[in-house]
Amino acid sequence: MNVGADFLPRLGSALVLAPLVIAAATWGGRPFVLLCFLASLMLLWEWAKMARLPRLPVLIALGGGGIAVALFALVAGRPLLAPALPVAALAAALITRGAPSLRAWALVGVLYAGALAFSLTRLRLDLGYGLIAIVWLLAVVWSTDIAAYFCGRLMGGPKLWPRVSPNKTWSGAIGGALFAVGAGMLTVWLAGIDSSLLAAPAALAASACSQAGDLFESAMKRRFGVKDSSHLIPGHGGLMDRLDGLVAAAAFACLLGLLRNPASPAAGLLVW
């Protein structure tokens, strides 16, 4: 198996970032919400830089303000403030000068960045299953990423979508999904929840969303002719390069949980 030259710096960065994320998730409360907010703010900055959006400081201020108010609405139980995020996204589009496509990129960028913080915070706020839901989500996304990398390198075969991401293979995608299902079921079982088998389809769908999020970012980078979203993390590129799958999977997990149990989305996600 030919392991890429970027694997060691990627591994080193992961070993630094993963404990920070897990510690914040375990602590919960303000540290976790703050970490989610800062990550979303950085995602918005990288998105705007890649899309070459004008009036960057104003865009970041509007988007960051909308995300902050939406998170405050969640934590403080103020549902009337929840629409702050879509309102901020619309305002960002309106203040963006240039072609209509730039306005669309601004609007979607704010919603994309806010989806990460909003989804993770909403799941973690669940007092009964919040931490387990976050651990489950991280296990599914990280297993997808790691297994897809090694299965693709080991087995090779037909490319998944060569026009968008030349290195991704069907063997990697399938291997990543299978390992993600196993990781999700193991997490639920270790947590003492008697639904590990029934929850397997949710892990499979979350893994598919994670891979779709990765492909979406690859397509975006090709659209704008950039290799990485930024150079923030050695071996990884930007934060968006690392969190693209998590954004999509977290949004899916939160939506699924809310549909099944609006009062307790983490329970709706895990208890079947």
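Q: Is Lys221 buried or exposed?
A: Lys221 counts as buried, at 13% relative accessibility. Buried means under 20% relative accessible area, exposed means over 50%, and partly exposed is in between (1.4 Å probe, protein chains only). Bear in mind that this is a predicted model: local features need pLDDT of at least 70, side-chain atom pairs count only at pLDDT 80 or more, and totals for chains, interfaces and linings use all residues. Residues are numbered from 1 along each chain as its sequence is written, and side-chain values use heavy atoms, with hydrogens and water left out.

Q: Which side chain does Lys221 meet in a salt bridge?
A: Asp241, at 3.1 Å, N to O. The pair links distant parts of the chain: Lys221 is in helix α8 and Asp241 in helix α9, 20 residues apart. A salt bridge here is a side-chain nitrogen of Lys or Arg within 4 Å of a carboxyl oxygen of Asp or Glu. Helices (H or I, at least four residues) and strands (E, at least two) are DSSP runs, numbered from the N terminus.

Q: And Asp241, buried or exposed?
A: Asp241 counts as buried, at 7% relative accessibility. Asp241 and Lys221 also belong to a salt-bridge network with Glu217.

Q: How many salt bridges turn up in the whole structure?
A: Four. One of them joins the side chains of Arg242 and Asp145, at 2.7 Å, N to O. Arg242 lies in helix α9 (residues 239–260) and Asp145 in helix α6 (residues 130–155), so the pair ties together parts 97 residues apart in sequence. Arg242 is partly exposed at 25% relative accessibility, and Asp145 is partly exposed at 26%.

Q: What does Lys168 pair with?
A: Asp214, with the closest N and O atoms 3.5 Å apart. Lys168 is in strand β2 and Asp214 in helix α8 (residues 200–224), so this bridge ties together parts 46 residues apart in sequence. Lys168 counts as partly exposed, at 24% relative accessibility.

Q: Where does β2 sit, and which strand does it pair with?
A: β2 covers residues 165–169 and pairs with β1 (residues 159–161), antiparallel, over two bridges. Two strands pair if DSSP finds at least two bridges between them. A hairpin of three residues joins β1 to β2. Trp161 stands opposite Ser165 in β2.

Q: New topic. What about Arg124, is there a salt bridge or none?
A: None, although Arg124 is buried. The nearest side chain of opposite charge is Asp126, 7.9 Å away. For charge, Lys and Arg count as positive and Asp and Glu as negative; His and the chain ends are not counted.

Q: What lies 2.7 Å from a polar atom of that Arg124 side chain?
A: The backbone oxygen of Ala25. Arg124 itself is in helix α5 (residues 100–124). Beyond four places in sequence, Arg124 has contacts (heavy atoms within 4.5 Å) that include Trp27, Phe32 and Leu131.

Q: Where is Cys36?
A: In helix α2 (residues 29–50). Cys36 is buried, with a relative accessible area of 4%. Not counting residues up to four places away in sequence, Cys36 touches Ala117, Leu120 and Thr121.

Q: Which members of the largest nonpolar core touch the most others?
A: Leu53, Leu120, Trp136 and Leu137, out of 63 residues. Such a core is a set of buried Ala, Val, Leu, Ile, Met, Phe, Trp, Tyr and Cys residues joined through side-chain atoms within 4.5 Å.

Notes
Polar contact = N/O pair within 3.5 Å; in protein donor to acceptor, adjacent residues only side chain to side chain.
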